[in-house]
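Hi,

Here is the structure I promised to pass on.

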Amino acid sequence: MTGFTITYFAVRGRCGAMRIMLSDQGQEWKEVVVTFDEWMKGDLKKTCVFGQLPKFEDNGLILYQSNAILRHLGRKLGANGETEREASLVDMVAEGVEEIRTKYLKMIYQEYETGKDAHIKDLPNHFCKFEAILVKNQSGFLVGNSISYADYSLFEVLLNHQVLSPTCLDSFPSLKKFVEMMSARPKIKTFLQSDAYKKLPINGNGKQ
Ligand code: GTB
């Protein structure tokens, strides 16, 4: 067994994509769940490089920042493009996904009541870019012919948005197919049906 440990709150949140990726890649990992009360004591926060979770440990290497963790796993598990050129494209696409996630999280945590409708209305402006990437690439994945950490990241963002707005992919057939293809990967399917996944809320404030 590898020595992966995720330390985080009892939510999917910033660990959603990395857990899906670890599952799909057949990896095992340990979860250290931090309660809000524990976190508020401040002792753990002081030890975190940026004062935030998740914290990820890989055989003594300690990482913070969820996207750096995804990239680390991408490199380590062979989900980072098949060439250096593809790896650069994977990073580029993943940054595009991060823009949607950042907007989503701002809406969820800061302006759910006032910003939800505008966020949903603006989604096609973001989704059309990823639809075009998938149409152009043809393999079903965002870059090249193999799954990358960007695919897991996009998949997780789309799952969350389908909860927010069940019809949000209706005008994007390739994105819809992408979600179906990712959901049908046997290890992802098992993980999404597991209690470990289902018991966790998407976000820390109960909004989704
Ligand atoms: N850029 C960083 C990354 O990608 O890892 C952002 C990490 C981040 O925002 N961490 C939040 C955090 O540590 C948790 S994710 N917050 C505590 C702090 O800043 O002191 C969002 C979140 C909010 C609330 C809960 N909750 O109440 O359970 C869970 C998750």
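Lys-76 is partly exposed, at 44% relative accessible area (partly exposed lies between buried, under 20%, and exposed, over 50%, with a 1.4 Å probe and protein chains only). Its salt-bridge partner is Asp-58, with N to O at 2.8 Å (a salt bridge is a side-chain nitrogen of Lys or Arg within 4 Å of a carboxyl oxygen of Asp or Glu). Asp-58 counts as buried, at 4%.

Before you go further: this is a predicted model, where local features need pLDDT of at least 70 and side-chain atom pairs 80 or more, while totals for chains, interfaces and linings use all residues. Numbering runs from 1 along each chain as its sequence is written, and side-chain values use heavy atoms, without hydrogens or water.

The whole structure has 12 salt bridges. Another one pairs Glu-31 with Arg-19 at 2.7 Å, N to O. Glu-31 is partly exposed at 32%, whereas Arg-19 is buried at 5%. Arg-14, Glu-98, Arg-101 and Glu-156 form a salt-bridge network.

Now the domains. The assignment gives domain 1 (4-78 + 190-198) and domain 2 (84-185), with bounds from an automatic or database source. Their C-alpha centres are 21 Å apart, and together they bury about 1,300 Å², 57% of it on carbon and sulfur atoms (buried area is the accessible area, 1.4 Å probe, that two parts lose on being put together, summed over both). On the domain 1 side, Arg-14, Asp-24 and Arg-71 lose the most area, together 34% of what that side buries. There are 3 salt bridges between the domains. Elsewhere in my list, Asp-24 meets Arg-185 at 2.9 Å, N to O.

Last, the packing. The largest nonpolar core has 55 residues, and Phe-56, Leu-73, Phe-127, Phe-155 and Leu-175 touch the most other members (a core is a set of buried Ala, Val, Leu, Ile, Met, Phe, Trp, Tyr and Cys joined through side-chain atoms within 4.5 Å). Helix α7 (residues 149-164) contributes the most, 8 residues. Both domain 1 and domain 2 supply at least three residues to this core.

Cheers

Conventions
Helices (H or I, at least four residues) and strands (E, at least two) are DSSP runs, numbered from the N terminus.
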